[in-house]
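The sequence and the structure come first, followed by the points grouped by topic.

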Amino acid sequence: MCLSDRKGVSDSLAHGIGRLKAVAYAAVDQVIEKGVIIDYDINHKNKGYNSVILAAPISIKEERYICEVALILGKEQNRFYLHEVTAQKKLLDVI
């Protein structure tokens, strides 16, 4: 089941997209289907919709990354965008 659509691509581009995020975009469907919720915001910034951030590990050229996808859950429609892609080793260095 493909969850990506033109609006999702447009939203992702509007939030900035470099080479790494462009490559990671292929994993968005899997992150949405199998990722874990790392943040949930009811009435996000008082804008009348809820938001969810899902994250999952992905591999790009044999390196591990954490891919985050934001879901915007509205009354009329749901949307998404590719929020961030971070090298897993960078995150491990923080701990």
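Which residues does isoleucine 58 touch, not counting residues up to four places away in sequence? In this predicted model, isoleucine 58 touches Ala24, Ala27, Val31, Glu63, Arg64, Tyr65 and Cys67. Ile58 is also among the residues with the most contacts inside the largest nonpolar core.

**Nonpolar cores**
- The largest nonpolar core has 19 residues, and Ile58, Val69 and Leu82 have the most contacts inside it.
- At least two residues of this core come from each of helix H3 (28-34), E2, strand E3 (63-73) and E4.
- The most is given by E2, with 5 residues.
- As background, nonpolar side chains in soluble globular proteins tend to be buried together.

**Sheet**
- An open sheet is formed by 4 strands in the order E1-E2-E3-E4, with antiparallel pairing.
- Strand E1 (36-41) and strand E4 (78-87) each have a single partner strand, so at these edges one side of each strand is left without a neighbour in the sheet.
- On average, neighbouring strands of this sheet are turned by 25 degrees against each other, direction ignored.

**Pairing of E1 and E2**
- E1 pairs with strand E2 (residues 50-60) in the antiparallel sense, over 5 bridges.
- Opposite tyrosine 40 stands valine 52 in E2.
- In general, strands of a sheet pair through backbone hydrogen bonds, either parallel or antiparallel.

Definitions and conventions: Residues numbered from 1 in each chain as written. Predicted model: local features only at pLDDT ≥ 70, side-chain atom pairs only at ≥ 80, totals over all residues. Heavy atoms only, no water. Pairing = 2+ DSSP bridges. Axes fitted to C-alpha atoms, helices over the stretch in contact; angles between N-to-C directions. Core = buried A, V, L, I, M, F, W, Y, C linked by side-chain atoms within 4.5 Å. Buried < 20%, exposed > 50% of the residue type's maximum accessible area, 1.4 Å probe, protein only. Contact = heavy atoms within 4.5 Å.
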